[in-house]
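Please read them with the structure open.

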Amino acid sequence: MPMLDVRNLTVSYGRLEAVRNINFSVEAGRIVALVGSNGAGKSTTLKSIIGLVPPSAGQIFMDGTDISRMGAAARVHAGVALSPEGRRLFGRMSVRDNLLTGAHGVSSRATVRRSLDEVYALFPRVLERRAQLAGSLSGGEQQMVAIGRALMANPRLLMLDEPSLGIAPKVVAEIAGAIERINREKNMSIVLVEQNARLALRISHHAYALEHGEIIRSGKGAELLADPFVQKAYLGV
Ligand code: ATP
């Protein structure tokens with residue numbers, strides 16, 4: 001049984017079907033990429049999985065349980081966390097306090113302390129800047145904090161929306177390395193939404209390409225990298 005199983009999911013904004021009857025799954029311990037152009041429905045898919053937008057049809061199963069009608073807090077409790085597009089940090093709060101907002105539903109102080117140490121170990125720059133206001137950090141550093149905040153919920157499935165957006169190339173490589181480490185060292189399942197298709201396909205085990213709300217390709221990351229349509233549409237080949 002896959003950890004996450006999305007079945008026949010449709011999400012509409014009024015009359016616009018942003019996601020149309022999509023099916024995909026994430027096996028435990030895997031990195032799964034969702035790639036596609038602007039407006040293809042990638043963010044909408046993640047928002048629907050975490051419970052920020054309601055599905056108009058379909059189901060979302062986490063470990064076999066249908067979570068698609070639960071509230072967002074219950075889904076975090078079920079093991080899903082989202083690092084949203086644009087980071088959405090509290091700029092006038094410290095880095096450390098931003099991280100702690102991610103541990104909202106965690107009652108054990110020892111667990112919170114341990115998660116905080118793990119985030120600092122993963123991102124030493126976040127440790128250095130922990131007392132600074134989040135708004136004073138560079139884009140790349142803020143992205144590290146946003147990923148760290150999602151990790152503070154102790155998820156089993158981590159969803160990352162555009163972690164490379166607007167970030168210097170050198171820092172993008174650093175963040176990609178961190179994503180691979182989180183997957184490898186914590187055996188965490190990851191859904192990675194990226195417009196940087198080359199990066200996403202390189203580090204993912206499996207990938208789906210989304211266009212106009214529909215899945216038009218799926219396969220191993222390496223297979224999609226070699227796919228002529230994918231190369232033309234997303235890789236500028
Ligand atoms: P991007 O990378 O630009 O965010 P995306 O693949 O994540 O692209 P979505 O953000 O999911 O795409 O958007 C899918 C479609 O739904 C687009 O046509 C978008 O304009 C529309 N849409 C997204 N959010 C809303 C909203 N809150 N209300 C109405 N339409 C929306």
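1. In the second largest pocket of this predicted model, the lining residues divide by class into four nonpolar, eight polar and five charged. Here Ala, Val, Leu, Ile, Met, Phe, Trp, Tyr, Cys and Pro count as nonpolar, Asp, Glu, Lys and Arg as charged, and the others, Gly among them, as polar. The volume of the second largest pocket is about 190 Å³, and of its 17 lining residues N38, G39, A40, G41 and K42 are the closest to its centre. A pocket is an open set of points on a 1 Å grid over the protein atoms alone, where a 1.4 Å probe fits, with protein on both sides within 12 Å along at least five of seven lines, and a lining residue has an atom within 4 Å of a point; the volume is the space filled by probe spheres set on the points, which are joined across faces, edges and corners.

2. Helices (H or I, at least four residues) and strands (E, at least two) are DSSP runs numbered from the N terminus.

3. Residues are numbered from 1 along each chain as its sequence is written. Local features need pLDDT of at least 70 and side-chain atom pairs count only at pLDDT 80 or more, while totals for chains, interfaces and linings use all residues, and side-chain values use heavy atoms, with hydrogens and water left out.

4. Around the ligand there are 14 residues, of which N38, G39, K42, S43 and T44 come nearest, a residue being counted if one of its heavy atoms lies within 4 Å. Among the polar contacts (N or O atoms within 3.5 Å), a backbone N or O atom of A40 is 3.0 Å from a ligand oxygen, a polar side-chain atom of K42 is 2.8 Å from one, and a side-chain N or O atom of T44 is 2.5 Å from one. The protein covers 62% of the 630 Å² of accessible area that the ligand has on its own, by the Shrake-Rupley method with a 1.4 Å probe.

5. The largest pocket holds about 800 Å³ of space, and I50, V76, V80, A81 and L82 are the closest to its centre of the 28 residues that line it. Its lining comprises 15 nonpolar, eight polar and five charged residues, and the largest share, four residues, comes from α2.

6. V6 stands opposite F24 in β2, and its bridge partner in β4 is I60.

Note on methods
Two strands pair if DSSP finds at least two bridges between them. A polar contact is a pair of N or O atoms within 3.5 Å; within protein, one must be able to donate a hydrogen and the other to accept it, and residues adjacent in sequence count only if both atoms are side-chain atoms.
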